[in-house]
Amino acid sequence: MEQLAYQYQTSQPISKRVHVGVVGSGDLEILMFPTDKSESTVKVRTGSDGFDKVWGNVLTRFFDRYPISADIVINDFGATPGVVYLRLTQAMEELADEK
Amino acid sequence: MSTAFLFPGQGSQEVGMLRAVPTQYIERIKKITGYQLEDLPENYEDTVFIQLALLVKGLSALAAVQRNEIRPDLVAGHSLGAFCAAVACKAITFDDAVRIVYQRAVLMKAAYPTGYAMGVIVGLTRTEVAQVVQDTFDEMHPVYLSNENCPLQHTISGEITGLQKTLAAAKLRQARTAKLLKVPVPSHCRLMQATVAALTPFINQITFHPTICPYLKNTDGRMTQDTEVIRQDLLENIAQPVQWNQMMDVAKEMGMNLTLEFPPGNTLTKLIHAKFGERSIRTINIDQHGVDDATFLYQKWR
Amino acid sequence: MEKPQRNWDTKRVQKAQRLAKISNLMTGKYVETNQIITVLEALIAPGDKVVLEGDNQKQASFLSQSLNLVNPKKVNHLHMIMSSISRPEHLDIFERKIASKIDFSYAGAQSVRVSQMIEDGKMKLGDIHTYLELYGRLFIDLIPNVVLVAADKADKAGNLYTGFNTEETPTIVEAAAFKDGIVIVQVNEVVDELPRIDIPAGWVDVVVPADKPYELEALFTRDPQNITELQILMAMMAIKGIYAEHGVQSLNHGIGFNTAAIELLLPTYGASLGLKGKIARNWVLNPHPTIIPAIESGWVESIHSFGGEVGMEKYIAARPDIFFVGQDGTMRSNRVLGQIAGQYAVDMFIGSTLQLDYDGNSSTVTRGRLSGFGGAPNMGHNPGGRRHSTPAWQSLRDQDNALGKGQKLVVQMVETYGANKKPIFVENLDALAVQKQAGLANAPVMIYSEDTTHIVTEEGIAYLYKATSKAQRQAAIAAIGGVTPLGMTSTKESLDQLRHAGIVKLPEDLGIKRSDAKRSLLAAQTIDDLVEWSDGLYEPPMKFRTWS
Amino acid sequence: MKNSFVELNARERVNALLDTENGRELVGPFDQMIAPNLVAQGIVPESDDGIVVSLGTIGHKKVVVIAMEGSFQGGGIGEVSGAKIIAALSHALEENQNGHEIFPIIVLDTGGVRLQEANYGLLSISEIGNLIVALKKYVPVIGVVPGRVGSFGGMSITSALMSYLITTKKARVGLNGPEVIEQEAGVREFDSSDKDLIWNTIGARQRVQAQIIDELVTDSVESIKSAVLAAMLERKDSHRSENADFYLSLLDSLDLSKPMTIESYNQALIEHQAQSVDLPVITEQATPATTSVGYDWFQALTGLKNPNSTVSTVYYGDSKRFNEDVVVTAIVPDPKNPMYRVRDGEVGLVEGFRMAQILNHIYEADQNKAVKRPIVVVIDVPSQAYGYNEELIGIHVALANSAAAYAKLRQAGHPIIGVIVGNAISGAFLAHGLQSSRLIALNSPAISVQAMSKESASRITKRSIAEIEAAAEQVPSIAYDIRNYNKLGALYRFLEKITDQSTSITNVNAVISAVNDAIEDVRRTNDTMLTARYTNEIAVKMGRVETNKVQAKMNEEWNA
């Protein structure tokens, strides 16, 4: 397991907390908590070692497209970048649902 | 059903593995080579011990399996395991295998008594590993790309500090695993070319016999029944990458659907599962089940 | 002008001489099973062009095994023509020097050995053809001396029934029968009366009962259990963003979980969009079991099939309104006609691939594997001379050009990272290295960039046909390229521009909610569900059995 | 088309069962109660630790639904996940005791004990089992095994304690997983690669025949929900864990010295009529009946000389060696046992059902007495029996009968005092020992307390034995020795000075005095449950820190 941490300067606060996914084979869970800061912190625990750069890329691309401010916890059990991005964007949809 | 006998190579050895080997085999080795195999932890640093121990471990199990009338449709051995494979397809005798392996190991050890080893990199493609090796290459601490075990598992061979540097670089390039192996010599790369030359006259004296089934070559992944080709493969495999990945592809294409992995360990079974999944090929591991239960499984599933 | 004297029937004479050699072994057109090696040695001469029937599904396995047992001193230097190299003995005949040259289309199951043997010079390569090129050339410059084919049943006279698995058998037989080649057929069964005649006895020279029924693989079955949410999301995008957008009526699906997902979403997601009867009505398709729910819920009007599929026999027989079924009640497939239909007569081809380069060229050939092609190159290109008036075809028309014509939709569906967590998008296709290694005239590209109109990834759809420059095309692929090195070159600005221009659409642009991409949306989630949909008529083979 | 229930994840399953959108999840993922033991071993945790607990209604009746996430760590039960179930069931029990009816619905998808937290799993499972036995006095406890992982290990024992079990044909239910049986008993006993064998033996369709599950329904949300509702409304209860006489007479009629065919077992089962079976008779004789640590301690604690039981592996006897009259129980080896997988002191089918029979007899004898006799449990059980016949017949049911009987006695006021003199392993320990009100242990290095042998744990968790041993250095719950076990707070008294297993006078006296203290402690506190395990000082400080955190959180959220 690797524990990775990332930080992004962002601009759009989120209004509620959300949770998506399961820590099963090839999948992951994502939790987003609202924050007062204009930044997002992301803590990743991943069972697949050696993908820190890919994680950085996925998150950079995500925050580039969706600059939300949140404290994010990710527990990953070997998801492909595609699945990671899917879960991130699904979390975005859950945020939008309330609005 | 097409059954493949698979034999592991250096790196699979475990302290204590000779305990279950009948003493007559240990004595036979002693008689042929003068070398007394003793299962002591310190011996596992010595390639001569490791190679002879692996050979006798595999071949004693082979004899037991043969007594149970299990015959291979093809054979494949990884590196040192190729000698067991050659015995299994009857290309060479037990005694000749011992003679060649002893000579080979002694020459390898003499060429690189200390300071050389092998490493494994998991998670990068062969092209990616080749790039890391090229980028970190240092004449003083040479490292070469060696075996291809499966599409995302490759080994490198060379001088220890060089290996450490290359392994560290592989980690930075997102390798899942990059670590040294329990192999105290730089096998399967050009550093062994002189050893090949020294072994040539010796291996040329050995009598090869018609095979009972195809043999998969380490050096280029081809299948063959040509004894001279097998002789060359056994000779040259020390200085060339083992094309295990390709060997298994060819085995699958030839219809392999049952494998019997000989002891020690289950490395090759794991590679089969990683490569083909756990359903399409039935694997039997002798170390896990013992010869009798392995025979039971073979008879049940064949 | 003095006309030289010549005989105009040398081939016919030669054929008669060869057949005369085995006249003592023949009873009518029949020879005994155990005489086959003698027969092959007598009828095949060194250097002959021989078609050995290896299709996608059906293999003339008795004849291929027997050919591997002939004496290489008698039979050698054969020039083999095979649509599919599938079995170990297809290569063993080259190891044994019975054959020396090959022309083929597909070698998926033997791609490593093919690659090795060509490299080693054990197998001289004529060419790797698309199916239609290979079938076509059987009548041009690869006219066979002998063909070795398989049939289900023969009657006493030698008429053949090939039934569900007719595939390319009649075409191969025709190429020999009318050009004084010798037609040798293995049959599973000899009967008094055939269900129907697929190939008349007059085209057949030798019939041999096989020791075992011919080898038949279920190649087009995908277990819905293994369909992932990403595939479902991509399928939703394809249905809404391509099928509905262009009004696709007639189509071919390549095999894979991506297209299986589409098939299983038609009755659920497709219906919820009100698309029933409006899209995907006429198909050229192998009988994918995953199409059953779409058929049962009334989406499908017709299906013509290249070949059969193990387990689908009873179901197809009971659905003659949909499939091509003879008066006897069993399906007739035909790979040649299917390929032609797929190339010329449909609005769209959609399928997956293993590699795409940055321009959108696609290949399933990977390092060390010379797998050739399946039907994809024929289906997956836009024949330039075609003129079609369907809405889908016309929707790709260049409106500014008075003589502009429409285009076939050629869609590639891929996840940005493959199962081994390596990017699908590569700077250089492995096909280039393989070309060099095997000394091929053409790099084994499956679908060319110029023919590819759409790429779908889990991130969105790139409408490549709308791109006005090569650079824009590449930017569009990058925009849906995920975090692959290509994808990382895409900026937010570039994405916004491409979205604005309608060249790239994300799920939100299509009104698709990613959270809806759930397995519960599949009309069938297991093989058992498919059996239930089929009213118990579909009989899955053992390897697809679900344990319970 | 029907909507598969099996396909859903745990949270979706819970929501699918509940009446539309009325669920309230308790100690959910946002509470971030993750398993520190997993993180310490480099294993990715899940924010809900693989357990979803929701309050809501089904058919407008109040329920608490508890579901295991099978795709997270095989649905294994560790400390946090176990504590979530315990806390939820404790509240449900309290509500029912207070006259507020609430039905517990448990969706099982679990391999049993989470091997990376081994002893926490065993402790939790015994505490869960105890609560189920208590709850059944008020409401049926409904179990659902949809399938994927199925229900295995200790949680199968739990499943057999439940009132009513509903499955689909995609489920498997058994005590020992096929790979573990193969590892322990050899591939000839059970070939874990033989899918036909596995599904024919422990697949749900056969399990209905074997009366191990109650109802097989099609895999759809609707059919599962209606089966659950029907079970609630009709208060269905198969009394599976109170079935000793039926099984003992059945076992008597079978030849289990070799593997039985499934057909012949099914036939025997259909034809069988339950008969009452005589209790074992224990008499003194000239020479020892067997040799084992447990046998020696049974003698020492009862004062019987060379006792011999008519059931060679099961012993019980009155003892006057304590401050009160007690009954001592023990399970011992019989090297000649025709049940060939039960020769080294394992707890098998006979042992589980026999112990239940004996305990029920004591329960009945004391039913009308003001003071219930204490039971002293001599614990020396190397494992449950790993075997094909055992799985076919349902060894987990046997173990559940024993565990249920111990729990019933304790809840009725019998102090149950377990004395760990030998090994205390896995299902055997759950059946015979872990339902004790108080546990006492010797400090012998020969004692192991664990969920599985190292070899099997290595195979299942895909870690080498060396890796497992290294991990045990960090995580006491996966260690095998009694000193580490003591750190969990599970022991009432750790007899540190007794470093051997012998029945020397000093040792025996020390044990007797500790048992006397334990009995008095139980009597004084009127303690009929197992809460002392995690409320004692060691537990609060270090042994069950997470359990207590989860309890506190659940207390906060239950009534919120």
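Predicted model: local features only at pLDDT ≥ 70, side-chain atom pairs only at ≥ 80, totals over all residues.
Residues are numbered from 1 along each chain as its sequence is written, and chains are lettered from A and ligands numbered from 1 in the order in which they are written.

The two helices are H4, residues 94–111 of chain B, and H7, residues 193–205 of chain B, and they pack at an angle of about 155 degrees with their axes 10 Å apart. Axes here are lines fitted to C-alpha atoms, for helices over the stretch in contact, with angles running from 0 to 180 degrees between N-to-C directions; helices (H or I, at least four residues) and strands (E, at least two) are DSSP runs, numbered from the N terminus. H4(B) passes H7(B) in a right-handed crossing, meaning that the near helix is turned clockwise from the far one by less than a right angle, anticlockwise being left-handed.

On the H4(B) side the contact is made by Ile100(B), Gln103(B), Arg104(B), Leu107(B), Met108(B) and Ala111(B), and on the H7(B) side by Ala194(B), Thr195(B), Ala198(B), Leu199(B), Phe202(B) and Ile203(B); contact means C-beta atoms, placed from the backbone, within 7 Å. By class, this contact has 9 nonpolar, 2 polar and 1 charged residues, where Ala, Val, Leu, Ile, Met, Phe, Trp, Tyr, Cys and Pro count as nonpolar, Asp, Glu, Lys and Arg as charged, and the others, Gly among them, as polar.

Staying with chain B, UniProt lists residues 6–291, in an unreviewed entry, as "domain: Malonyl-CoA:ACP transacylase (MAT)"; its positions are given in the numbering used here, feature names are shortened, and annotations may be inferred rather than shown by experiment. Over residues 6–291 of chain B the chain is 46% helix and 15% strand, and the end C-alpha atoms are 14 Å apart.

Where does UniProt place the feature "active site" in chain B? The unreviewed entry puts it at Ser79(B) and His188(B), which are spread over 110 residues of sequence and yet cluster in space, the largest C-alpha distance being 8.2 Å. Ser79(B) itself lies in the loop between strand E2 (74–77) and helix H3 (81–88) of chain B.

Chain C is divided into domain 1 (13–216) and domain 2 (224–531), with C-alpha centres 34 Å apart. Here 31 residues of domain 1 of chain C are in contact with 32 residues of domain 2 of chain C. At least two residues of the domain 1 side come from each of strand E4 (99–106), helix H5 (111–119), strand E5 (124–128) and helix H6 (131–137) of chain C, and H5(C) gives the most, with 6 residues. By class, that side has 14 nonpolar, 11 polar and 6 charged residues.

For chain D, the assignment gives domain 1 (10–174 + 212–233) and domain 2 (282–529), whose C-alpha centres lie 27 Å apart. The contact takes 26 residues from domain 1 of chain D and 32 residues from domain 2 of chain D, and helix H2 (36–40), helix H4 (118–135) and helix H5 (154–161) of chain D are the elements giving two or more residues to the domain 1 side. The largest share of that side, 12 residues, comes from H4(D), and by class the side has 14 nonpolar, 11 polar and 1 charged residues.

Finally, the contacts between chains. Chains A and C meet through 16 residues from chain A and 16 residues from chain C; helix H1 (52–65) and helix H2 (81–98) of chain A are the elements that give two or more residues to the chain A side, with the largest share, 9 residues, from H2(A). Chain C also touches chain D, with 6 residues of chain C in contact with 10 residues of chain D, and the chain C side divides into 2 nonpolar, 3 polar and 1 charged.

Terms used. Contact = placed C-beta atoms within 7 Å. Domains from an automatic or database assignment.
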